[in-house]
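Dear colleague,

Please find below the sequence and structure that I am handing over to you. My findings follow directly after them.

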Amino acid sequence: MAVSSILGGIIGPALLLCGLSKTSASTASLLLSFENVFTVVVAWLIFKEKTDKRTTFGICLIILGSVVLAFNNSLNFNNLLGLSLITVACLCWAFEHNIIRKIATEDPVILALIKSLVAGVTNTLLGLMVGGAFPSQLKIIVEVGFVGMISYAVSMLFFISALRYIGAMKTGACCAFTPLVGVCLAV
C-alpha cells in the first residue's frame, strides 16, 4: 500500500502539476488518457493479465487519438517537457492501479480512505508550495472537502472495487471512456 500511495498520491500529482505548468490544459487533458492505456499495458506485460482483441484494438485507438490530438504544431522544449512529465505521471498511476489490484482483496473502503488521505494531503501541500492559500471561511473548506470526498474518495472506492472484481486491464479499458463522458457533459 505504501508504494501505491507514494506512486499515485505523491509522485504522480507532483509530476502532473509540473507538467501542467509547461503545457496547455487541453493537451494535458488529452494526455491523461495514457493513464488508462498504461494501466492496461502494465497489467498485460508485467502482471500477466489476459487480454483480448477488442481491448487491444481499443487501446490502440486511444493511443492514436491521444497522440494525434495532443501533439499540435506548437511543439517546443517546454511543451515537450510538460508532455513528458504528464506521461510519466500517467505511468506512475498505471503501476499504482496494478499494485492496488494485487491488494484489492483487502477492504476497499480502507484502501480508498488511505489513498484519498495521502493524495489530499499531498495535493494540498503542493498547492500551498506553489503559492496557494487556504480559504478564510470554514464553510468553503467544508464545501471543498465534501466535493473532494465525493469526486475523489467515492470514485476511488468504485475504482478499487472494479479492480477487485474485473481486474486492472478491464478497469483501465472501461475508464478510458471518462474523457468522452467529460466532453459530452461539457457540450
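Of the 187 residues in the protein, 34% are buried. Please bear in mind that this is a predicted model. The protein exposes about 11000 Å², and carbon and sulfur atoms supply 74% of that area.

As to secondary structure, the protein has eight helices and zero strands. Read along the sequence, its pattern is therefore written α-α-α-α-α-α-α-α. Among contacts between residues at least 6 apart in sequence, 87% join residues that are at least 24 apart.

Helix α3

Helix α3 covers residues 34–45, which is 12 residues. From its first C-alpha to its last, α3 reaches 16 Å, close to the 16 Å expected at 1.5 Å a residue. Nine of its 12 residues are buried, so α3 is largely enclosed by the rest of the structure. The buried residues of α3 are Phe34, Glu35, Asn36, Val37, Phe38, Thr39, Val40, Val42 and Ala43.

Leaving aside residues up to four places away in sequence, Asn36 touches Ile59, Gly172, Cys175 and Ala176.

Salt bridges

Side chains of opposite charge can pair when their charged atoms come close. By the rule applied here, which asks for a side-chain nitrogen of Lys or Arg within 4 Å of a carboxyl oxygen of Asp or Glu, the count is two salt bridges.

One of the two joins Glu96 and Lys115, whose closest N and O atoms are 2.1 Å apart. Glu96 belongs to helix α5 (residues 77–103) and Lys115 to helix α6, so this pair ties together parts that are 19 residues apart in sequence. Are these two partners buried or exposed? Glu96 is buried, with a relative accessible area of 2%, and Lys115 is buried as well, at 1%.

The other salt bridge links Lys139 with Glu143, and here the closest N and O atoms are 3.5 Å apart. Both residues lie in helix α7, four residues apart, which is about one turn of the helix. An α-helix has 3.6 residues a turn, so residues three or four places apart point the same way. Lys139 is exposed, with a relative accessible area of 57%, whereas Glu143 counts as partly exposed at 41%.

Nonpolar surface patch

A nonpolar patch on the surface is formed by Leu17, Val121, Leu125, Leu128, Met129, Val130, Phe134, Leu138, Ile141 and Val142. Together these residues have about 990 Å² of accessible area. Which helices each supply at least two residues of the patch? They are α6 (108–129) and α7 (138–175). Helix α6 gives the most, with four residues.

Val142 is one of the patch residues and lies in helix α7. With a relative accessible area of 52%, Val142 is exposed.

With kind regards

Definitions and conventions: Residues numbered from 1 in each chain as written. Predicted model: local features only at pLDDT ≥ 70, side-chain atom pairs only at ≥ 80, totals over all residues. Heavy atoms only, no water. Patch = residues over 30% accessible without salt bridge, like charges linked within 9 Å, V, L, I, M, F, W, Y side chains within 5 Å. Areas by Shrake-Rupley, 256 points an atom, 1.4 Å probe, with all protein chains shown as cover. Buried < 20%, exposed > 50% of the residue type's maximum accessible area, 1.4 Å probe, protein only. Expected span 1.5 Å × (residues − 1). Contact = heavy atoms within 4.5 Å.
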